[in-house]
Amino acid sequence: MDFEALLKELKTSLLELFGEKWKDLKDESKKDVEQFLKESKEKLERWTTLLANGDITLDDYEWLVKSQKDLLLMKALHKAGVSKISLGHFKNKIIKTILNVVKSVILP
């Protein structure tokens, strides 16, 4: 498994997700995505390796990824006045996107 390629795909997918929802904030949100992936990289790599090796289930992986939800600060969206409820829903979409990308790469 090439984790760097997976990380690159995650970044692309997350930026597309931001662009779909908030086109005018896509550039600012890029920093938030990069910061989240930087802060989560070590854990995501460890958990993804465990998933790929069959040491944890997809449900376990999802729970672990959700534990990183608080690292999704999304400063650009917060500064733009997006409500906490909208940010919470968007964080859930981000978690789902991460899971979908990982599933497509690890569990083809």
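**Note on helix packing and buried residues**

1. In this predicted model, F90 has a relative accessible area of 2% and therefore counts as buried, the cut-off being under 20%.

2. The structure contains 1 aromatic pair. F18 and F90 form this pair, in an edge-to-face arrangement with 4.8 Å from centre to centre and 75° between the planes. Distant parts of the chain are linked by the pair: F18 belongs to helix α1 and F90 to helix α5, and the two residues are 72 apart.

3. The packing of these helices may be described next. Helix α1, residues 3-21, and helix α5, residues 84-106, pack at an angle of about 145°, and their axes are 10 Å apart. The crossing in which α1 passes α5 is right-handed.

4. On the α1 side, the contact is made by L6, E9, L10, S13, L14, L17, F18 and K21. Their counterparts in α5 are F90, K93, I94, T97, I98, V101, V102, S104 and V105. Sorted by class, the contact of α1 with α5 comprises 11 nonpolar, 3 polar and 3 charged residues.

5. The buried residues of α5 are L87, F90, K91, I94, I95, T97, I98, L99, V101, V102 and I106.

6. D32 is a residue of helix α2, which covers residues 26-52. Its relative accessible area is 14%; because the cut-off is under 20%, D32 is classed as buried. Leaving aside residues up to four places away in sequence, D32 touches M74, K75, A76 and L77.

7. Q68 is found in the loop between α3 (58-66) and α4 (75-79). With residues up to four places away in sequence not counted, Q68 touches F36, S40, K43 and W47. For one of these, K43, the separation from Q68 is 25 residues in sequence and 9.1 Å in space, taken C-alpha to C-alpha.

How values were computed:
Residues are numbered from 1 along each chain as its sequence is written. This is a predicted model: local features need pLDDT of at least 70, side-chain atom pairs count only at pLDDT 80 or more; totals for chains, interfaces and linings use all residues. Side-chain values use heavy atoms; hydrogens and water are left out. Axes are lines fitted to C-alpha atoms, for helices over the stretch in contact, and angles run from 0 to 180 degrees between N-to-C directions. Helices (H or I, at least four residues) and strands (E, at least two) are DSSP runs, numbered from the N terminus. A crossing is left-handed if the near helix is turned anticlockwise from the far one by less than a right angle, and right-handed if clockwise. Contact means heavy atoms within 4.5 Å. Ala, Val, Leu, Ile, Met, Phe, Trp, Tyr, Cys and Pro count as nonpolar, Asp, Glu, Lys and Arg as charged, and the others, Gly among them, as polar. Buried means under 20% relative accessible area, exposed over 50%, partly exposed in between (1.4 Å probe, protein chains only). Rings of Phe, Tyr and Trp (its six-membered ring) pair if their centres lie within 6.5 Å; planes under 30 degrees apart count as stacked, over 60 as edge-to-face and the rest as tilted.
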